[in-house]
Structure formats: structure tokens, C-alpha cells
Amino acid sequence: MSSIKIRLAEVEQRIRLAEQRYSRAPGSVRLLAVSKTHPAAFISEALAAGQYRFGENYLQEALEKIGQLRDQRLEWHFIGRIQSNKTRGIAENFHWVHSLYSIAHARRLNDQRPPDLPPLNVCLQILIDNEATKGGIAPEEAGNLIAHFSELPRLRLRGLMTLPAPVQGLENQRIAFHRLRLIREQLKSPEFGLETLSMGMTADLEAAIAEGATIVRVGTAIFGPRKSTLQSGK
Ligand SMILES: *Cc1c(COP(=O)(O)O)cnc(C)c1O
């Protein structure tokens with residue numbers, strides 16, 4: 001067995017054990033394999049092991065891999081920082097965006113989403129505190145942003161995402177994830193249920209699952225370490 005296949009099985013096992021331990025429904029947590037900085041060949045290996053959802057942070061790099069893997073049925077999630085001049089590439093090539101927090105970018109993605117594709121699935125990136133990146137919208141401003149989604153028919157608002165600064169220990173890790181869950185309870189409405197909570201990575205996926213994550217974004221545990229220059233995950 002390839003090492004990617006073995007590591008993927010280990011991550012799946014971690015997810016299933018956490019679901020059991022924290023009384024989550026079996027299969028309620030989906031795995032997004034974060035393939036940034038890794039070649040298309042790694043993605044093909046994961047695909048051969050049954051993984052078909054992949055997360056990318058850098059548009060140029062992602063477009064190359066999407067092109068190389070054009071014949072495969074993959075689901076691509078953009079999880080990196082959005083820049084205005086990159087929205088078209090995102091709108092045309094991705095199924096999901098997890099890192100949206102500006103109304104200007106939301107409008108651009110909506111306008112640029114090709115009519116022959118289904119609406120782009122979106123999670124809003126929420127600033128909890130002390131983030132690993134400064135990306136995100138403050139919880140008290142998120143309601144305002146959500147209100148705009150009624151006028152953005154080419155976007156489908158699915159939920160919230162967060163990327164807290166790394167902390168040690170399960171109980172400490174749960175704090176930020178717990179806050180995101182509470183924010184979701186405050187923000188959800190009949191129109192926007194915000195069912196998706198995109199939270200948890202290699203080091204803290206158990207804590208995220210304990211607090212209700214529905215998508216965990218895992219790179220290192222599946223594909224191994226990334227080169228340090230690109231490790232910041234911007
Ligand atoms: C890189 C990245 C991940 C994956 O992190 P690992 O620690 O390698 O699992 C998850 N989410 C975002 C937004 C990232 O940039």
C-alpha cells in the first residue's frame with residue numbers, strides 16, 4: 001500500500017473514533033484533503049484510495065492540478081486567501097470556497113460563476129480571536145454580510161469556517177471551535193441554516209469534531225510535511 005493510502009486510512013480512523021467518542025452521527029464529518037504544495041500525483045494516489053474532496057490555497061497552483069486531473073471526478077475547495085483578481089478563476093473552477101469574508105468578493109464570485117455550473121458553495125471565514133491568519137470577518141459583522149446572500153443567487157451559503165492559531169491540548173483547542181459553534185447558533189436563520197462548520201486540521205481535528213465540525217481540512221497527516229516557505233497557509 002502507498003504511504004498516502006495508509007495515512008488516509010489513519011485519518012479516516014481518527015475521524016470515526018472522534019465521531020464515536022463525542023456522540024456524533026457516524027459519517028457526519030467529511031474529510032477535505034488539503035493538497036496545497038503537493039503534486040497532482042499525490043492527489044491521484046488519494047483518489048485511488050477513495051478520497052475525492054481536495055482543498056487548495058493558491059489559485060495558480062490549483063489550476064495546474066485541476067487541469068492535470070480534468071478527467072477525474074473531483075470536488076475542489078478553495079481554502080486560501082481570496083484576492084480580487086483571482087475570483088474569476090475560483091468561480092469557474094471550484095465547487096466550494098471556505099475563505100470568503102468580503103461582500104466585494106462575494107459579488108464578484110456571484111457575477112463570475114458560469115451559468116452552466118451549479119451555485120458555488122460558500123462558507124464564511126470567521127475571526128474568532130488570535131487567528132493564524134488575519135483573514136476573516138468579525139462575528140458581529142457577519143450578520144450584515146449574510147443578509148446580502150439573498151441577492152447572490154449564484155452563491156449557496158453553506159456555513160462557517162475558522163482557522164484558529166495553533167494551541168496545545170484538546171481542551172484548549174476546543175475553545176475557539178466552541179465559539180464558532182455558538183456564533184453559528186446566533187447567525188442561523190430559516191433562510192440560512194449554516195449547517196456546515198469547516199474547522200479542524202491535522203493537529204486539532206478531534207477537538208473540532210467534539211464541537212460539531214462537519215468538514216475537517218487535513219493536509220500534513222495525509223500528504224506529509226510541506227516545504228517551509230509555503231507552510232504559512234496564507
Ligand atoms: C494548510 C491548511 C490546512 C491543513 O493544515 P494541516 O495542518 O496540514 O492539516 C487546513 N486549512 C487551511 C485553511 C490551510 O491553509
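This note covers the ligand site and selected salt bridges of a predicted model.

1. A polar side-chain atom of Lys-36 lies 2.7 Å from a ligand oxygen, and a polar side-chain atom of Arg-226 lies 2.8 Å from a ligand oxygen. Gly-219 contributes a backbone N or O atom, 2.9 Å from an oxygen atom of the ligand. Taken alone, the ligand exposes 390 Å², and the protein buries 93% of that.

2. The count of salt bridges comes to 11. One of them joins the side chains of Glu-75 and Arg-53, at 3.3 Å from N to O. Glu-75 belongs to strand β3 (residues 75-78) and Arg-53 to strand β2 (residues 53-56), so this pair ties together parts that are 22 residues apart in sequence. Glu-75 is buried, with a relative accessible area of 17%; Arg-53 is likewise buried, at 16%.

3. Lys-65 takes part in a salt bridge with Glu-56 (2.8 Å, N to O) and in another with Glu-61, where the closest N and O atoms are 2.6 Å apart. Glu-61 and Lys-65 both lie in helix α3 (residues 59-68), four residues apart, about one turn of the helix. Relative accessible areas are 5% for Lys-65, 0% for Glu-56 and 19% for Glu-61; Glu-61 counts as buried because the cut-off is under 20%.

Note on methods
Residues numbered from 1 in each chain as written. Predicted model: local features only at pLDDT ≥ 70, side-chain atom pairs only at ≥ 80, totals over all residues. Heavy atoms only, no water. Polar contact = N/O pair within 3.5 Å; in protein donor to acceptor, adjacent residues only side chain to side chain. Areas by Shrake-Rupley, 256 points an atom, 1.4 Å probe, with all protein chains shown as cover. Salt bridge = Lys/Arg side-chain N within 4 Å of Asp/Glu carboxyl O. Helix = DSSP H or I, 4+ residues; strand = E, 2+ residues; numbered from the N terminus. Buried < 20%, exposed > 50% of the residue type's maximum accessible area, 1.4 Å probe, protein only.
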